[in-house]
Amino acid sequence: MVLGGIPNRVSFAASGGSYLLTRIACYRRGLHEAEYHTSIAETLGARVDEHALPEMFTEDKNRLFVDGFLQENGLDSKSMLIVIHPGARKIVRQWPEERYAEVGWHLIKEYGAKIILTGSPYEIPLLKRINDLMNKNALIAAGEIKSLKQLAALFQRCVLFIGVSSGPSHIAAVASLPSVLIFGPESISQWKPLGNKCVIIKKRFPCSPCNQKKCHLLENNCVKAVQVSDVIDGIKRITHKA
């Protein structure tokens, strides 16, 4: 930053390197991740509306693309579209794939839902395994939906999102898509999606929250402690069918 000649270098002095900064933002524990970022903007003199919510704008071309994708796969606006996003960047946050399949089957049988599996192209093998467990009754969107704006446009056509805490869970929030989220070692207060109707399922472990890099309880950790019945109960709560 210094060698590049950047005139304003603003961050927290929480991890060293503060001598390279031109301004230091006040660091406070327990804030939401969004508040940490807006506090940097405030340090630069920006006025921040504390009631403002994240927004993501999708152009008509993205909505038209999604409409075409759905039509090509026999789905339309009358279909009850539910997204399951099973991927997690870190293994300590990965919910078992067979449980996603059980939830998917429940949604199909109980609600007549059409299940869409989303993820990155690298997660297609995972999605295929889940779809195989569902007798190929889900639609795999990974590799077809190629941008975050297309993903947001897809979420705008759906009625429910199910997955772990992830980037797409926040896109679901800005798309006003109700969500049932499985939280593992991460902090709810720091990472809960903003501005959305969501049910968060989290099992309390004495070691949580943690740094999420590794876990010696991989076979019985805070994520795997969440059962299919917990997620189904969350679905009932958010759809008012308890």
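**Exercise 1. Which residues form a nonpolar patch on the surface, and what is their accessible area together?**

Before starting, a word on the model. It is a predicted one, where local features need pLDDT of at least 70, side-chain atom pairs count only at pLDDT 80 or more, and totals for chains, interfaces and linings use all residues. Residues are numbered from 1 along each chain as its sequence is written, and side-chain values use heavy atoms, with hydrogens and water left out.

Step 1. Areas come from the Shrake-Rupley method with a 1.4 Å probe, and for residues only the protein chains shown count as cover.

Step 2. Pick out the members: Met1, Val2, Ile6, Tyr19 and Leu20 make up the patch, with about 530 Å² of accessible area together.

Step 3. Val2 sits in the segment before strand E1 (10–12). Its relative accessibility is 42%, so Val2 counts as partly exposed. (Buried means under 20% relative accessible area, exposed over 50%, and partly exposed in between, with a 1.4 Å probe and protein chains only.)

**Exercise 2. Describe the chain as a whole.**

Step 1. Count the elements: the chain has eight helices and eight strands. Here helices (H or I, at least four residues) and strands (E, at least two) are DSSP runs, numbered from the N terminus.

Step 2. Check burial: 43% of the 242 residues count as buried.

**Exercise 3. How much space lies in the largest pocket, and which residues lie nearest its centre?**

Step 1. Define the thing. On a 1 Å grid over the protein atoms alone, a pocket is an open set of points with protein on both sides within 12 Å along at least five of seven lines, whereas a cavity is a set where a 1.4 Å probe fits but cannot get out. Lining residues have an atom within 4 Å of a point.

Step 2. Read off the volume: about 380 Å³. That is the space filled by probe spheres set on the points, with grid points joined across faces, edges and corners.

Step 3. Of the 15 lining residues, Ala34, Glu35, Thr38, Val48 and Glu50 lie nearest the centre.

Step 4. Sort the lining by type: seven nonpolar, three polar and five charged. (Ala, Val, Leu, Ile, Met, Phe, Trp, Tyr, Cys and Pro count as nonpolar, Asp, Glu, Lys and Arg as charged, and the others, Gly among them, as polar.)

**Exercise 4. Trace some of the salt bridges.**

Step 1. Set the cut-off: a side-chain nitrogen of Lys or Arg within 4 Å of a carboxyl oxygen of Asp or Glu. By this rule there are six salt bridges.

Step 2. Asp60 and Arg63 pair up at 2.6 Å, N to O. Both belong to helix H2 (residues 60–72), three residues apart, about one turn of the helix. Asp60 is exposed at 52% relative accessibility, while Arg63 is partly exposed at 25%.

Step 3. Move on to Asp67 and Arg157, whose side chains meet at 2.8 Å, N to O. Asp67 is in helix H2 and Arg157 in the loop between helix H5 (148–155) and strand E6 (160–164), so this pair ties together parts that are 90 residues apart in sequence.

Step 4. Finish with Arg129 and Glu97, a salt bridge at 2.8 Å, N to O. Arg129 lies in helix H4 and Glu97 in helix H3 (residues 97–111), so the pair ties together parts 32 residues apart in sequence.

**Exercise 5. Where do Lys136 and Ser176 lie, and are they buried or exposed?**

Step 1. Check the backbone: Lys136 has a positive phi of about 60° although it isn't a glycine. Ser176, also not a glycine, has a positive phi near 60°.

Step 2. Lys136 is in the loop between helix H4 (124–133) and strand E5 (138–140), and Ser176 in the loop between helix H6 (167–174) and strand E7 (179–183).

Step 3. Check accessibility: Lys136 is exposed at 60%, and Ser176 is exposed at 58%.

Methods: Patch = residues over 30% accessible without salt bridge, like charges linked within 9 Å, V, L, I, M, F, W, Y side chains within 5 Å.
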